[in-house]
Amino acid sequence: MKGSRRKWIIKTAASGLGFSLLPQLGIPQIKRGSRNEHAYSANRFTSELMQRPIPSSGEKIPVVGLGTWIQFDVGNAKEEKDPLREVLKEMYKKGGKVIDSSPMYGRSERVVGELTQEMDQPDHFFYATKVWTSGREAGIRQMRESMQKMRRKTMDLMQVHNLVDYQTHLKTLETWKKESLVRYSGVTHYTASSHSQLENIVTSGLVDFIQVNYSMVDRNAEKRLLPAAKDHGVAVIINRPYAQGNLFGKVKNKPLPQWCEEVDIHSWGQFFLKYLLGNEAVTCVIPGTSNPKHLVDNMGAGMGKLPDDQTRVKMLHVLEKL
Ligand SMILES: NC(=O)c1ccc[n+]([C@@H]2O[C@H](COP(=O)([O-])OP(=O)(O)OC[C@H]3O[C@@H](n4cnc5c(N)ncnc54)[C@H](OP(=O)(O)O)[C@@H]3O)[C@@H](O)[C@H]2O)c1
């Protein structure tokens, strides 16, 4: 971390926010009249996708992105690729930017590179991928291949996938940042058992981003990891925000509570994502989809009002009672 700049950004962000935590839920409490209260309601009447700053630089990114794990691992058949073209087109139209991939995701990196390159503004997007191997040379080789597949001269975010040999790769990434081959570094994992290790990395100031599992039915990250990321100025990307789609099974054929309209929640998808975005430590959620309608639905979660802490508690009760 570039010490003084990050500290300045954190200090500035923290002042006047009235930020404390509901200990049992890890939910930020917003004081009436505070600047944060405005942050929660500022987008109330707009259809613009909300953005949040990457603490290490202050650069803003949209709060809803796109995961590509299974969905973009497709062959050349038109019927497989056309929906993905639509997904990216809709994402562009809505102002979405963050696309997350990995060499672990089969053909996904190549498909992302090919389809974004076909578009008018491939540089509109914020490209994130990962390194998933052991050893310095193997890591360098894999990262170079990923950049070639995704057709990037500079990768916006390079993350160490599932913490595999992260000490080695983070050293390489420090050098790569200086050479402008990558802009930001990060580490990822998808299980609660990794959270204490991620917390140590967050507090050590080694990364700009972490990417972790967090959903309404998988809330371990709320306890310590997200507050630590907030305190130490580390951006947070959320993977598996729908618990791999399992959340939709829980609400099948169930109507949304009527009060959801008051917080601009128009679908169960938005209900699940807005709960996560209500936590200010979250920078961006990356639901995976190959369905353009779902993409539009997901982007909608980054628009309008966000739930405050009381509403988030109410949301948890709704889900528990189903
Ligand atoms: N260790 C790691 O670094 C790691 C681990 C896991 C995941 N990830 C990243 O996180 C991303 C997201 O995780 P995930 O894909 O496993 O799980 P997820 O985002 O929680 O759920 C994806 C599922 O939700 C469905 N879905 C998406 N939007 C929907 C909507 N609006 N309405 C109804 N269904 C919807 C998708 O189906 P449709 O295609 O039909 O929309 C898909 O079945 C991955 O793609 C990957 O980029 C990283």
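The legends below describe close-up views of a predicted model.

**View 1. The chain as a whole.**
The chain contains 12 helices and 12 strands. It has 322 residues, and 45% of them are buried. Contacts between residues at least 6 apart in sequence were also sorted by separation: 77% of them join residues at least 24 apart.

**View 2. The shell around the ligand.**
The ligand has 29 residues around it, and those that come nearest are G67, N239, G245, G269 and G288. By type, the shell is made of 18 polar, eight nonpolar and three charged residues. Which helix gives the largest share of the shell? Helix α11, residues 292–300, does, with three residues.

**View 3. Helix α11 and its residue H294.**
Buried residues in α11 are H294, L295, N298, M299 and G300. The buried residues of this helix pack against α3 and against α10, which spans residues 268–277. H294 lies in α11. Along the chain H294 and V87 are 207 residues apart, yet their C-alpha atoms are separated by 8.6 Å.

**View 4. The packing of helices α3 and α4.**
Two packed helices are described by the angle between their axes and the distance between the axes. For α3 (residues 78–94) and α4 (residues 108–117), the angle is about 65° and the axes are 10 Å apart. The crossing of these two helices is right-handed. On the α3 side the contact is made by K81, L84, R85 and L88, and on the α4 side by V111, L115 and T116. Four of the contact residues are nonpolar, two are charged and one is polar.

G96 sits in the loop that runs between α3 and β6, the strand of residues 98–100. G96 counts as buried because 27 C-beta neighbours lie inside 10 Å. Which residues does G96 contact, apart from neighbours within four places in sequence? They are L49, P62, V64, G65, L66, M91 and M299. Of these, G65 is 31 residues away from G96 along the chain, with 5.9 Å between the two C-alpha atoms. M299, another of the contacts of G96, is one of the buried residues of α11.

Helix α7 spans residues 195–204, and its residues H195, L198, E199, I201 and V202 are buried. Why do these residues line one face of the helix? Seen down the axis of α7, the buried residues fall within an arc of 165°, so they line one face. The face turned away from this buried side carries S196, N200 and S204, which are exposed. Elements that cover the buried residues of α7 include strand β9 (182–188), strand β10 (209–213) and helix α8 (225–231). After α7 comes G205, with a positive phi near 75°.

A243 belongs to the loop between β11 (235–239) and α9 (246–250). Its phi is positive, near 50°, in a residue other than glycine. A243 has 17 C-beta neighbours inside 10 Å and therefore counts as partly exposed. D218 is in the loop between β10 and α8. D218 is likewise partly exposed, because its C-beta neighbours inside 10 Å number 19. Apart from neighbours within four places in sequence, D218 is in contact with N213 and A243. Between D218 and T191, 27 residues apart in sequence, the C-alpha to C-alpha distance is 9.2 Å.

**View 5. L163, a residue with positive phi.**
L163 is located in the loop between strand β8 (155–160) and helix α6 (166–178). What is the phi of L163? It is near 65°, a positive value in a residue other than glycine. L163 is partly exposed, because 16 other C-beta atoms are within 10 Å.

How values were computed
Residues are numbered from 1 along each chain as its sequence is written. This is a predicted model: local features need pLDDT of at least 70, side-chain atom pairs count only at pLDDT 80 or more; totals for chains, interfaces and linings use all residues. A residue is near a molecule or strand if its C-beta atom, placed from the backbone, lies within 6 Å of it. Helices (H or I, at least four residues) and strands (E, at least two) are DSSP runs, numbered from the N terminus. Ala, Val, Leu, Ile, Met, Phe, Trp, Tyr, Cys and Pro count as nonpolar, Asp, Glu, Lys and Arg as charged, and the others, Gly among them, as polar. Axes are lines fitted to C-alpha atoms, for helices over the stretch in contact, and angles run from 0 to 180 degrees between N-to-C directions. A crossing is left-handed if the near helix is turned anticlockwise from the far one by less than a right angle, and right-handed if clockwise. Two residues are in contact if their C-beta atoms, placed from the backbone, lie within 7 Å. A residue is buried if 20 or more other C-beta atoms lie within 10 Å of its own, exposed if 12 or fewer, and partly exposed in between; C-beta atoms are placed from the backbone. The arc is that of the directions from the helix axis to the C-beta atoms.
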